[in-house]
Every structure is written in structure tokens, then in C-alpha cells.
Amino acid sequence: MNPFVLTIFALHSGQNNNMKLDYSAIEAKWKRQWAETDLYKVTEDKALPKFYVLDMFPYPSGAGLHVGHPLGYVASDIYSRHKRMCGFNVLHPMGYDAFGLPAEQYALDTGVHPAKSTSDNITRYRAQLDNIGFSYDWSRQVRTDDPSYYRWTQWIFLNLYHHYYDKIQDKALPISALITHFETAGSKDLHTASTSHPEFSANDWKSMTAIEQSNVLMNYRLAYRKSGFVNWCEALGTVLANDEVKDGVSERGGHPVVQKEMMQWALRVTAYAERLLNGMENIDWSDSLKSIQRNWIGRSEGALINFSLANIDSGVTVYTTRPDTLYGSTFLVLAKDHELVNDILSADQKDSVRAYLDRSHNKVADTRGDKNLDGVWTGAYAIHPLTNKKIQIWLADYVLSDYGTGAIMAVPCGDERDLAFAQHHQLEIIEVIDRTGLENSSIEDKQGILINSSFLDGLTVEKAIQSILAYLEENHLGQKQIAYKLRDANFSRQRYWGEPFPIYYDAAGLVHEMPYASLPHELPDLDDFKPSPDGRSPLARLDSWARPAADKFLETDTMPGYAGSSWYFLRYMDPTNADEFVSRKAVDYWQDVDLYVGGVEHAVGHLMYSRFWHKFLYDLGYVPTQEPFKKLVNQGMIQGVVESLILLKERHDGKAHFISAELIKAKGLSPNDYSAIPVHIDFVSAYGQPNSHITEEGIKSFIQWRNEYAEAIFESADGKLYTLTNASGAFIETLSEVGKMSKRYHNVVNPDDVIARYGADCFRMYEMFLGPIEQSKPWDTMGIEGINKFLRKFWSLYFNEEGEWIVTDLEPIESSYKILHATIKKTNEDIERFSFNTAISQFMICVNELRKTGEQSSKILAPLVQLIAPFAPFITEEIWQYLGHDVSVHKSTFPMHEDKWLVNTSITYPVCINGKKRSEITLPVDTPKEEIESSAKALPEIMKWLEGQSIKKTIVIPGKMVNIVL
RNA sequence: GCCAGAGUGGCGGAACUGGUAGACGCGCUGGAUUCAAAAUCCAGUAUUCGCAAGGAUGUGCGGGUUCGAUUCCCGCCUCUGGUACCA
């Protein structure tokens, strides 16, 4: 026995032999010890293989963490600890996505500076995270609002600004190369991603003014300025992202949102569309996530078709995925802001077009679901390229300016919207597809035979598309084209609490970038966070900052939330580097993220932009991989039970009337007769159980909380009426529904409370035991007792009821080896496939069995501690120390199973008649096939079935089962 | 509408390559212990017929493949998530 253990025993006996399981003492002890010894600190150790496990870093909101948030963190922590014990050098960091709207809104409401509230929230988050016992290397923490961090966010932005996308080399190249091209060849032979495609010669370029040149270059930069329509909310005084708008009103506050034209910074993510699509082939993400990204990119193959105009010498190009239906095209439709609109409107249609445009622009944004048939004829005609017939050109809401060419050829017979529009405005419809025999298919299906289409008649759709494409290209009427739904990302926010752009403008409006060396361009202090009245950010009101000189105007927009989060995983590799965003040495060692765990709500935003930035950094040679996240696991949500009181719409003697939830059925009420008022779960008895209810205490607390119900009447299931002053004996059932865990429903369960009662180990294991990590499931307050019991049983293998250490060095019995090694095997497999709930089941089976046999040998009990260590890091560390180790269990080597303990000498075969199990038989493992068959047939239960029957066939799978077919 | 995923006891879930459906836990029932309770321990717990032995049914519904299907195939229903005038 080493001196260390002696000390423990001395202490132990000195404390009157009382080593009872005391979670909080054990946790406090090891939290301190781990911090003091920097147990989880990692460095680039070339002797060990690396493994990078990343959690999506949280936005530190004022509400703190609830039990749903750490679900993914616990899973990734178990995985990290396991990998570490398996000999990997594991990078497992954590940080904060610290810029964001809520802090600024909070500042507007309370005057508390976002920097202060954010820091306060971070302090709280950190305490909550520490409580749970995570193995983060906190020395690598990043927060996006730290100037030493956002300096590099700005640096990447400037790089995007200084690069364009070359479609031939399929990568980003410096703008200087583009300028050289312009100087020698103008726009000739240019293959770049750009907003528009102007044509100019080298001489044209040279004769442009600085402003003109700057504008031309903007058209190619990967970070660029453009004028576009944004969701403008007058009441909030700001621009909203699409997901902040619901049903045409702001999600927060429900204020009207309209389209407003504004100069905005944008990122040319569309340049990377094809690579973002193809890059998913070799990464291990869920099918659903990949399909969400695929849909978002929305690649389609089609054709550009040129139509000339009837009266003016110009043309319009449309994009279609169905060039085969060209003969069915009876009119064209342009987006309302198509560049040709002003050129083509005829004098007599001017007024109705103006009226339409006014109508359209004032429409609230994002009117989901409403199919809108509004539109107007421009008075102009185009010439059909094949029939030379004049067809009308319309404007309509349903054609979008930023998809395809912003113009379509309408084919009413082959497109639902064109058909609806044609019917509504009484436009011609020509059938060009014969769908005989395809009555159940929609008109948009690519099936049928071409008719009324000249040389295409008789061809299938597929053949017709090839044929018409060849014809169009031959006659210079059009060409193949690939289109994407993906849009360039709006990168401007008219907000204070974000990264400032390292950009300023001169008196002439020319854009200037700040030099790299001047970064960080720091966010100034502010004490009033109201937006500037013209819709610009609060920074615009800070003249001393925004206008440092008479002819120098700083950009007052700030960057959106996804700026800082698009590259934070790289900064963890080298968090304090003052010279580079990440050193080559660090990124060459850590490479990329091996496992990324986070919520599916970031499926498009964060994950798309991170991949885009990463590919860009790859193009510039700063990172060695094309994809940042090799494997990604989405954790589900932990839901809460929403408890509500049933309030009848009809009042009782003019007073609010609540009834027991049981009475809904009894009284035959429909949802129109009552409303469910969420009750704070602290007031509810038997919370989350079928008989959840409020009692006298609950009624008092409820009324204290919601004073407007002071006079209310509460009716119990047996018809008795209770009031605040007469509530004795009340039992009012509440309505229990599974829903979001949210402040709004007053059903938030704080991990701190759970940990205070059951300990961090129990909390961690219970979160994992609830079910598969990807699934959403409700938090069940009762279920945690099962894990609590398990941990006590586990502990009791090592300490008896008197708290005495009972582990011996004696040789264990054979069955203990068997169950141990079965558990080792299953644990390794289950952790690797992220099946933590089944690993925990196996621990329970193992502990139950060892208790039954009274196993006390350290040869079994020591490896068991290691198996459970990733799940329950505190209690296992304590026991490990008692086992005589002076190095942490988390630094030990994870056990590997030995096959010799897993081979069975006998096998129990199920014996089936016609596939249904009727009996079973235990035979030695090496029993020959014939003998298995004859032994099975000799079983009395089986003979009974065989009596008077003839056997058609007998299937014997050695080691598996026997099936007799009658 | 379109795309993706999922439907298994009272509940959370297990069954990994087609081979004993319901592991493990919660809850519930009964028992032991206790003056009593809590805690703990033991037994039972898919449905149904039956006193029992023992049957029958059973993984959303309807078909199919197979000696054998929760697992594979076809059609449908329901739920969850994504998306929404994308030509």
C-alpha cells in the first residue's frame, strides 16, 4: 500500500469510518484539484494522434442554461474523455458567441451596456458549465466580442473584400490579378463570379474615374456592397433577417415589416455553391442535415433563352428548367425590379404599372403561404424565338429578381403558377405535353410526349430537352445553364453590438479599407443604444467616432452574428496568437474538427457560412482542409412538460373560472370554450405526472404571481368551488402537455438545481440515459431516481453501509470476468457510435450482477471505474484514488476486452416451429449441426408439435437458432 | 405542395449484419424489513382466452419477398423537422 492510500485510511478512520456517498463534497474536491493541476490542458503533442471534439459555442443569454442545453455538451464530453483514455490528444474547447441582438435589446430596455450584461452572463454560464464537470481546456476559451478575437474576423472580411472568384481555377484569387486583367483585356475572357456582367475594353477601364473603377470592382469582390431590398421594421428601427420575420411581422413584437432599399454589405457565397454542394459527399453528417443544405443550395439544371423585344432593339433572357415546353410559352413575366422595366413600358400602361409597383413595394415582406397572382401587363411585346409570334410581357410578384435572370417564359400548361396566373388574367394556354396514361401526375412532372411543338412532336420530355437545347445553342438563341436558389449573404446589420467593418468612405463616396495592420478596428463605447432615425445603426449618432475627419465617414453598420462564429473553431487551435488568426503549426497539427456536436437549428446559417469561409481560407492556403467538420452529430431537444390551468371563456358571476383539467372531457368542452393558462411548475404538485395538480398552496402562489386572478374561482373534478380565501383541500388538475422548455411556459429546469440534489454525475448520466442523443424527448423528473439508485449501487461495490472500504485483491470468480469484459466491449462500441443510453444500461446490468455475486476483487472493480469514468467523472475519480492511484482516472488507459472471456462453452438455442419460438435448448458450443437438429426434435415440447405432422424443412444456423417448418 | 426523418408496453426506450420483440430504467401491483414512514430489498408487470398447464394476437395500416421481417420491397396513414411563389 502506498503512503497516499495510508493517508486516506488514516483520515477515513479518524472520521469515524463514515465514507458515505457525498456528491457535493466529492465534486468540490475534484473540481478544485483538476483546476489546480490543469488536468484538461492540451498542447500540440506530435507523439500522439490528434482528435478535435467541438461543441457549438453558446450565445450567453440572460436566462442561463436549462437542462436541455448541456445535452450535446455531455455527449461530446463523454466522447472526448473516452478518446483521451484511448490515447488520443483531444482538443475539446469552449467559448462564447458573445455578439448578438438580445444583449443590445436588453441595453435598450435597461440601459445596461451590452459588454457588461454579456460578461455577467458569461460568468454565470461558466459557473453552470463548471458544475457539470466538463473536460474543457479553458485556457483556449474564445469570445467573439473580444477585440483580440474580432480583429481576425475583420481580417478575414478584408481578405474576402480583396478577393474575387475565378471560375476556371475554381478558387478565390486576389483582386490585383483582376485589375491586371482589366488593364490588358478589359472584360474579355473573364470567367468570374459576379453580380452583373458588364462589357468593357482595357481602354474603357483605363479611362474610368476612381469611383467608376471602384464600382466595377465591387461587382466581383467576395465581400461587396450592393443595393438591395431588405426586411425593414419601422417600429424596431432596424433591418431584420428572414428568420426574424414571421407572417409578415417581426417575430419579436409583431410589428409590420416592409421592403426597403438599402446599401448593404454582402458575401458572395454563391460563388462557392457548387463546392458547398459537392463537399458534402465525403463528410459524415446525417442525411437529413445534408438534404437541408442541398435544398438550401437548390441546384437546378436548365437553360437561358433569349427573347428579342418587338418595338425596341433589345432583348430579355429568361431562365427555365423546361426548355422543352418553349412552344407552350404564351407570355413572359419579369420581376418588378428587372432592369428593363422602365425601358419597355408603353405610354398607355404607365399608370397601371406605376399603381402595381406601388402596391407591390408596400406589401409586407414574407407573406408566407399566400399565393399571389398580382401582376400587370407592361404594354410591351417580346418575339417568340421559334414561332416569331408577339407575346405579352408582364410584371408579377411571383417572379423574383434575384433568381435565374429575374425573368421567365410563362408556360401555363406546364407550371402551376403560370397556369393560375394565365387563368386569372385570361391569357392564352397552349398544351404542349400529351399526358395520356399519366392522369395521376401533376402538370409539372417531367413525363409525357411533346405535341403542338413542331420538330419536338412525338419526343419524350427527356429527349425533347436535349433536342431543344442543341437547337438553341446552334442558333444562338440560348444555352444550358445551372441555377442555384442560394443567395449571396447579407452581411450588414444596422446594430451596435457586433463587429465594426474596417471600412470608411470619403467625401465622394469612394470605399476605402483600413490596412490590416490597423486592426482591430474597435467598437466604440456608447451609452444610448437607440437606432439612428434614418435606419442606420446607433453608431451613426456617434459623430466623434463615425466622422473622424471632414472627409472620412466610417462604416456604421456592424457584422451579423454568423461572422464571429464562422471561424471560431480555428481560433481554438491557437487562441492567443497576436500575429496570425491561427498559426500554420497549430492548424497543421489539429487540421479540422473530427466531431462537431450541436443543434440542428444551425443547419443552414452557421454551418453553411462556416463551410464557405473555410473553403475561402483553404483557397488562400491558410487551412489544410476543404471541409471544417468531418463528422457532425445533431443533438435533439430536451422538452419540458407545460402545465396549464384551464380557464373557461365564460365567467362565473363575473369572475374568472378555472376548472380541473379532468372536467374538460366530463363537460364535453371544445378548445373554443377555454384557454390554457401556463402555470409556473414550482406551484404544481406531481409535476410531469398524470395527476399533476395544484393544491391550496399552489392556488395561493399562483394568485400571488398572477394578481389579475385574485378573485378567481377554482372548480375541482367533483364540482366543489374554491377561492383564494377558501382553498383548503383544493385539488385542481392541471393540463400536462409536452412542449418546449422555455421561460415563456415557466417550465425551465435548471441543471444547478438537479445537481444540487443528485450530483453532477447523476445529472450527466441521466441526460444520456433519456434516449438516443439525436432524438427530442421530454425531461422526466421522476426518471432520474433510476440513475441515482444505480450510482449508489455502484458505490456500494466499494464501500459497505458503514462506509468501510471493502475492495480486496482476491481472485474474482469467472462470471465476474465475463460480465466485465462484455461490458468493456459494449462500452467501447457504444461510445464510438454515440449510443450512450445503451452503454449505461450495460453498466446497470453489470453492477446488478456484481452485487448479486458479491464480487469484491479490484481486478474487476478497478476496470469498472475506468469504464464509467467518462460518464461520471467525479465519483469515479474519488473511487480511483481509494484504489490507490495517485494519477487521475481520466489519465488512465481505457480497458480493452479480452475475447477469451466472451467465448461461451454452451449456447441456448431457440427452437421454433414455423418461425415461432416453442422451446429452447442449451447445447455445447461445438455441437455439430446434425446433433443440434436431432436434440431439438427430441424436446418433449417440440415432439408434441411434430406429432402427426410431416416436416417440410429444418433450418439450423449453428450458434443462432433452429427452425422447423411444417 | 416539395424534401428529409420517425411511428415498438402506462412512459423513456432496447433489439448493431433478417434469427428468442419489449433489454435497461421509470411507473404500477404484491411481499419482506419497520411501531410507522422514508429508504432498501425480493417478486410480478405487452394484450387477450384460461383456475392452471397452455394457447392466440402483437412493433402505425394494407400487401409482398423469406424457413423466419421491428429490420428488406411496394402502396397508404400519422407525427416531427426543413422549405416555401426558386421558373
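**View 1. The buried residues of helix 7 and the elements around them.** The buried residues of helix 7 pack, with contact meaning heavy atoms within 4.5 Å, against helix 6 (147-161), strand 3 (163-166), strand 4 (171-174), helix 8 (202-207) and helix 9 (210-218). Helices (H or I, at least four residues) and strands (E, at least two) are DSSP runs numbered from the N terminus. In this predicted model, local features need pLDDT of at least 70 and side-chain atom pairs count only at pLDDT 80 or more, whereas totals for chains, interfaces and linings use all residues. Residues are numbered from 1 along each chain as its sequence is written, chains are lettered from A and ligands numbered from 1 in the order in which they are written, and side-chain values use heavy atoms, with hydrogens and water left out. Ile175, Leu178 and Phe182 of helix 7 (residues 175-185) are buried, that is, under 20% relative accessible area with a 1.4 Å probe and protein chains only, where exposed is over 50% and partly exposed lies in between. These residues cover an arc of only 55° around the axis, which puts them on the same side of helix 7; the arc is that of the directions from the helix axis to the C-beta atoms. Glycine 186, whose phi is positive, near 60°, follows helix 7.

View 2. Six bridges join strand 23 (residues 593-599) to strand 24 in the parallel sense, and glycine 599 stands opposite glutamine 635 in strand 24.

**View 3. Helix 3 packed with helix 24.** Helix 3 and helix 24 (residues 760-769) pack at an angle of about 100°, with their axes 10 Å apart; axes are lines fitted to C-alpha atoms, for helices over the stretch in contact, and angles run from 0 to 180 degrees between N-to-C directions. That makes helix 3 roughly perpendicular to helix 24, a term for angles of 65 to 115 degrees, while those under 35 count as roughly parallel, those over 145 as roughly antiparallel and the rest as oblique. Among the residues making the contact are Pro70 and Leu71 of helix 3 and Phe763 and Met768 of helix 24.

Definitions and conventions: Two strands pair if DSSP finds at least two bridges between them.
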